[in-house]
Amino acid sequence: MLTPMRRWGRGRRGGEARGVGVERKRLVVFVSGGGSNFRAIHDAALGGDVNGVVVALVTDKPGCGGAEHARGNGIPVVVFPKLKSAPEGVSTDELLNGLRELRVDFILLAGYLKLIPVELVQAYPKSILNIHPSLLPAFGGKGYYGLKVHKAVIASGARYSGPTVHFVDEHYDTGRTLAQRVVPVQANDTPEQLATRVLHEEHQVYVEAVTALCEDRIVWREDGIPLIRSQTNPDEYT
Ligand SMILES: Nc1nc2c(c(=O)[nH]1)N[C@@H](CN(C=O)c1ccc(C(=O)N[C@@H](CCC(=O)O)C(=O)O)cc1)CN2
Ligand SMILES: NCC(=O)N[C@@H]1O[C@H](COP(=O)([O-])[O-])[C@@H](O)[C@H]1O
């Protein structure tokens with residue numbers, strides 16, 4: 001038994017084909033670094049592959065590459081959380097109010113390195129995704145980010161790695177897995193070489209997942225596992 005994901009109070013259910021009158025989903029992307037995943041999603045939205053529009057970017061590092069790309073494309077940049085290093089940041093309540101005013105449907109974490117507070121997780125049930133550069137549950141959790149992940153994968157002797165797209169809960173990397181890709185770990189890989197191979201797959205699998213999310217093609221199995229319904233065959237799930 002598959003239970004179509006209940007929209008969070010808005011929009012239409014079912015995987016209506018994109019077209020005139022189909023409301024574009026309103027997306028906010030959270031970044032802390034270069035923002036290549038953000039750029040892949042933004043480009044896919046501009047090109048029409050993703051039935052969404054990026055209405056704001058949130059970052060803890062206002063000078064990062066992702067924030068620069070947002071500014072260069074007229075996307076508002078919000079600093080969160082409020083830090084000594086970023087006093088212009090907003091509080092959790094201010095962020096929640098801003099997301100509500102922007103009528104945000106989905107939140108996409110893309111290299112964001114701070115813990116999303118439980119208030120935000122509870123306000124956006126089954127509506128926050130994250131991309132992690134390993135095959136969760138392996139090599140995830142506090143301390144596992146960026147090159148640290150790939151160093152740990154190589155040190156473990158793992159022969160395969162790859163990105164995981166998952167729903168976000170109140171802990172680091174413990175939310176339900178939605179999609180994964182697999183890449184080989186070569187015997188002489190440096191962390192940087194493995195990171196490059198994984199990142200290439202990240203850009204693809206995240207855009208595929210966000211495309212499905214914005215077309216309401218995420219269905220939840222009875223045991224709580226989210227599945228992506230095929231765009232072409234409604235009886236096929238991955
Ligand atoms: N509530 C959640 N928040 C976040 C999640 C999540 O799954 N649930 N995912 C992370 C992204 N992430 C892995 O995908 C991740 C990011 C950062 C860390 C980490 O250990 N961070 C350090 C601080 C690093 C810094 O500030 O430079 C720490 O907390 O000590 C682990 C995993 C985004 N948020
Ligand atoms: N645990 C979180 C984590 O390590 N996320 C990773 O940070 C990078 C951000 O790159 P980008 O800024 O170019 O998208 C990506 O590889 C993403 O998987």
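**Helix faces, helix pairs and cores**

Q: What covers the buried residues of H2?

A: The cover over the buried residues of H2 includes strand S2 (25-31), H1, strand S3 (52-59) and strand S4 (77-79). Please keep in mind throughout that this is a predicted model.

Q: Which residues of H2 are buried, and where do they lie around the axis?

A: The general idea comes first. An α-helix has 3.6 residues a turn, so residues three or four places apart point the same way. In H2, the buried residues are Gly66, Ala67 and Ala70. These residues lie on the same side of H2, because they cover an arc of only 100° around the axis. After H2 comes glycine 74, with a positive phi near 70°.

Q: How should I describe the packing of H1 and H2?

A: Two packed helices are described by the angle between their axes and the distance between the axes. Here, the axes of helix H1 (residues 36-46) and helix H2 (residues 65-72) come within 9 Å and cross at roughly 25°. H1 is therefore roughly parallel to H2, since angles under 35 degrees count as such. On the H1 side, Phe38, Arg39 and His42 take part, and they meet Gly66, His69 and Ala70 in H2. By class, the residues of this contact are two nonpolar, three polar and one charged.

Q: At what angle do H5 and H6 pack?

A: The angle between H5 and H6 is about 110°, and their axes are 9 Å apart. H5 is thus roughly perpendicular to H6, because angles of 65 to 115 degrees belong to that class. Leu147, His150, Lys151, Val153 and Ile154 of H5 meet Pro191, Glu192, Leu194, Ala195 and Val198 of H6. The contact of H5 with H6 has seven nonpolar, one polar and two charged residues.

Q: Which residues of H5 are buried, and what covers them?

A: In helix H5 (residues 147-156), Val149, His150, Ala152 and Val153 are buried. Seen down the axis of H5, these residues fall within an arc of 160°, so they line one face of the helix. Their cover includes strand S6 (128-132), strand S7 (160-161) and H6.

Q: Which residues touch the most other members of the largest nonpolar core?

A: The largest nonpolar core has 35 residues, and Leu108, Val165 and Tyr206 touch the most other members. Helix H6 (residues 191-214) supplies the largest share of this core, eight residues. Apart from this core lies another of 21 residues, among them Phe80, Val90, Leu95 and Leu109. When neighbours within four places in sequence are set aside, the contacts of valine 165 include Leu129, Ile131, Val205 and Tyr206.

Q: Is histidine 166 buried or exposed?

A: One compares the relative accessible area with a cut-off. Histidine 166 has a value of 2%, and is therefore buried, because buried means under 20%. Histidine 166 belongs to strand S8 (residues 164-167). Not counting residues up to four places away in sequence, histidine 166 touches residues including His132, Leu136, Asp173 and Arg176.

Q: Is glutamine 122 buried or exposed?

A: Glutamine 122, in helix H4 (residues 118-123), counts as exposed because its relative accessibility is 60%. Glutamine 122 and aspartate 169 are 47 residues apart in sequence, while their C-alpha atoms are 8.4 Å apart in space.

Methods: Residues numbered from 1 in each chain as written. Chains lettered and ligands numbered in written order. Predicted model: local features only at pLDDT ≥ 70, side-chain atom pairs only at ≥ 80, totals over all residues. Heavy atoms only, no water. Axes fitted to C-alpha atoms, helices over the stretch in contact; angles between N-to-C directions. Helix = DSSP H or I, 4+ residues; strand = E, 2+ residues; numbered from the N terminus. Parallel < 35°, antiparallel > 145°, perpendicular 65-115°, else oblique. Contact = heavy atoms within 4.5 Å. Nonpolar A, V, L, I, M, F, W, Y, C, P; charged D, E, K, R; others polar. Buried < 20%, exposed > 50% of the residue type's maximum accessible area, 1.4 Å probe, protein only. Arc of directions from axis to C-beta. Core = buried A, V, L, I, M, F, W, Y, C linked by side-chain atoms within 4.5 Å.
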